[in-house]
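Subject: Structure handover

Hello,

Here is the structure for you to look over. My notes follow below it.

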Amino acid sequence: MTNHAPFMAEALAQAQKSYDEGGLPIGAVMVENGAVIARGHNRRVQDGDPTAHGEMACLRAAGRRPRYDGVTLYTTLSPCMMCAGTIVQFGIPRVVIGEAENFHGNEAFLRENGVEVIRLDDPGCTDLMARFIREKPTLWDEDIAGNDPAS
């Protein structure tokens, strides 16, 4: 079994970076052959771009690739439909999720489309997002457009 902790710690560091910048604390890293090949964090607030989610920023940082079938995407929060659809579209076979307590995301959709989903229930990921939601509930509501699919 892969030790997911160091990679999730890197994704959480990306989430913290976004939080420190005044953005949503969601981070992601892409791993291939046991090494991080790309990092990203949510920049929706910082860039005024509604599509600048952490997973999308990580994919942009990875750049153009012919295939994604050898990578694992680590994300601190269960992916929204936009990010889940992108994961499926590009054939990313495995997603490791830090937490899904604060946002239930689209794990079922990922699984239904052949993606291996591993949820860690990482307390660091959960606590940082819960803190953000308490501190900035209006910004959180804006980010999810008032729509948590499981609530």
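How many bridges join strand β4 to β5, and do they run parallel or antiparallel? There are 4 bridges between β4 (residues 94-99) and β5, and the two strands run parallel. Within this pair, valine 96 stands opposite isoleucine 118 of β5.

First, the ground rules. This is a predicted model: local features need pLDDT of at least 70, side-chain atom pairs count only at pLDDT 80 or more, and totals for chains, interfaces and linings use all residues. Residues are numbered from 1 along each chain as its sequence is written, and side-chain values use heavy atoms, with hydrogens and water left out. Helices (H or I, at least four residues) and strands (E, at least two) are DSSP runs, numbered from the N terminus. Two strands pair if DSSP finds at least two bridges between them.

The sheet

The sheet is open and has 5 strands, in the order β2-β1-β3-β4-β5, with mixed pairing. From one strand to the next, the twist averages 20°. Axes here are lines fitted to C-alpha atoms, for helices over the stretch in contact, and angles run from 0 to 180 degrees between N-to-C directions.

β1 and β3 run antiparallel, joined by 5 bridges. There, alanine 28 stands opposite threonine 75 in β3. β3 and β4 also share 5 bridges, but in the parallel sense. Leucine 77 stands opposite glutamate 99 in β4. The chain goes from β3 through α4 to β4, a right-handed β-α-β crossover (with the strands pointing away from the viewer, the path from the first strand over the helix to the second runs clockwise).

Why does β3 count as largely enclosed by the rest of the structure? Because 7 of its 7 residues are buried (under 20% relative accessible area; exposed is over 50%, partly exposed in between; 1.4 Å probe, protein chains only).

Helices on the sheet

Helix α1 (residues 5-20) lies across β1 (27-32), β2, β3 (71-77) and β4, at about 150° to β1. Helix α3 (residues 54-62) lies across β1, β2 and β3, at about 130° to β2.

The cores

A nonpolar core is a set of buried Ala, Val, Leu, Ile, Met, Phe, Trp, Tyr and Cys residues joined through side-chain atoms within 4.5 Å. The largest one has 17 residues, and Met30, Leu73, Ile87 and Ile92 have the most contacts inside it. β1, α3, β3, α4 and β4 each give it two or more residues. The largest share, 3 residues, comes from α3. A second, separate core has 15 residues, including Ala15, Leu24, Cys80 and Leu128.

Single residues

Asparagine 42 sits in the loop between β2 and α2 (44-47). Is asparagine 42 buried or exposed? Asparagine 42 is buried, at 0% relative accessibility. A polar atom of its side chain lies 3.0 Å from the backbone nitrogen of arginine 44.

Methionine 82 is in helix α4 (residues 81-89) and is partly exposed at 29%. Beyond four places in sequence, methionine 82 touches Pro50, Thr51, His53 and Met56 (contact means heavy atoms within 4.5 Å). Its C-alpha is 8.2 Å from that of threonine 51, 31 residues apart in sequence.

Phenylalanine 90 lies in the loop between α4 and β4. Phenylalanine 90 is partly exposed, with 44% relative accessibility.

Best wishes

Note on methods:
A polar contact is a pair of N or O atoms within 3.5 Å; within protein, one must be able to donate a hydrogen and the other to accept it, and residues adjacent in sequence count only if both atoms are side-chain atoms.
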